[in-house]
Amino acid sequence: MGKIRLGVMGGTFDPVHFGHLVAANEAASAFGLDKVIFVPTGEPWQKQTITDSGHRFNMTKLAIAGNSHFDISRVDVDRPGPTYTVDTLRDIKAQHPEAELFFITGADSISQIGSWRDSEQIWPLAHLVGVTRPGHSLEVPKSPHGAVSLLEIPALAISSTDIRARVESGKPIDYLLPASVIDYIQKNNLFRIK
């Protein structure tokens, strides 16, 4: 039996939506992944977080429930201080030392890898999979040959930013994210004008 191939789906998931789920599923199919672990960001160092990490973790857990190929990790939520990809990958690798890791994130994030903390230490830890909308091009600065793949995901036209804006303005969000996550957003009064 070969090495276990694990996808590591990093993101703020604020909120998680069908674009994230489709991207994880497509990456699992394209790269023969045994499992995809969703890792909600604790404190993003590059983004302003709107929602508490506990809520984002709970929404992600609800969204992946029932899919035996998806799992979730608290490594970034539980680690104090800003979340850096290199730390995420080190922690997941420590938990799964025999696994080959595939870090799945937005192509726009990967195009900024030169600004990531200890970016040169990421290459030996995982293959990077940049998910993007069809027709989007990706330029990756200073990456070893074959270290990054681009995967087009039609459902990525859905965005967390748009979902938050729709909730704030009272527009419908049905069919953009799982019903369980919509219920959670409503019950916890998330994304409303404070």
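In this predicted model, strand β1 (residues 5-11) pairs in the parallel sense with strand β6 (residues 100-106) over five bridges. Within this pairing, Val 8 has Phe 103 of β6 as its bridge partner. β1 also runs parallel to strand β2 (residues 35-40), and six bridges join these two strands. Here Val 8 stands opposite Ile 37 of β2. Strand β1 is mostly covered, with six of its seven residues buried.

Between these strands comes helix α1. Together, β1, α1 (residues 18-31) and β2 form a right-handed β-α-β unit. The 14 residues of α1 should span 20 Å at 1.5 Å a residue, which agrees with the 20 Å that separates its end C-alpha atoms. Buried positions in α1 include Gly 19, His 20, Leu 21 and Ala 23, and Ala 24, Ala 27, Ala 28 and Phe 31 are buried as well. Residues three or four places apart in an α-helix point the same way, because there are 3.6 residues a turn. Just after α1, Gly 32 adopts a positive phi of about 60°.

The largest nonpolar core has 38 residues, among which Val 36, Phe 38 and Ile 185 touch the most other members. At least two residues of this core come from each of α1, β2, α2 (53-64), β4 (70-72), β6, β7 (126-132), α6 (160-168) and α7 (179-187). Helix α1 provides the largest share, six residues. A second, separate core holds 21 residues, including Val 39, Ile 92, Leu 101 and Ile 113.

Beyond its neighbours within four places in sequence, Phe 38 is in contact with residues including Met 9, Phe 13, His 20, Leu 21, Ala 24, Thr 60, Ile 64 and Phe 70. Four aromatic pairs are present in the structure. In one of them, the ring centres of Phe 13 and Phe 38 are 5.7 Å apart with the planes at 50°, so the pair is tilted. Because Phe 13 lies in the loop between β1 and α1 while Phe 38 is in strand β2, this pair ties together parts that are 25 residues apart in sequence. Both Phe 13 and Phe 38 are buried.

The rings of Phe 38 and Phe 70 have centres 5.1 Å apart and planes at 65°, so this pair is edge-to-face. It links distant parts of the chain, with Phe 38 in strand β2 and Phe 70 in strand β4, 32 residues apart. Phe 70 is buried, as is Phe 38.

How values were computed:
Residues are numbered from 1 along each chain as its sequence is written. This is a predicted model: local features need pLDDT of at least 70, side-chain atom pairs count only at pLDDT 80 or more; totals for chains, interfaces and linings use all residues. Side-chain values use heavy atoms; hydrogens and water are left out. Buried means under 20% relative accessible area, exposed over 50%, partly exposed in between (1.4 Å probe, protein chains only). Helices (H or I, at least four residues) and strands (E, at least two) are DSSP runs, numbered from the N terminus. Two strands pair if DSSP finds at least two bridges between them. A crossover is right-handed if, with the strands pointing away from the viewer, the path from the first strand over the helix to the second runs clockwise. A nonpolar core is a set of buried Ala, Val, Leu, Ile, Met, Phe, Trp, Tyr and Cys residues joined through side-chain atoms within 4.5 Å. Contact means heavy atoms within 4.5 Å. The expected span of a helix is 1.5 Å times one less than its number of residues. Rings of Phe, Tyr and Trp (its six-membered ring) pair if their centres lie within 6.5 Å; planes under 30 degrees apart count as stacked, over 60 as edge-to-face and the rest as tilted.
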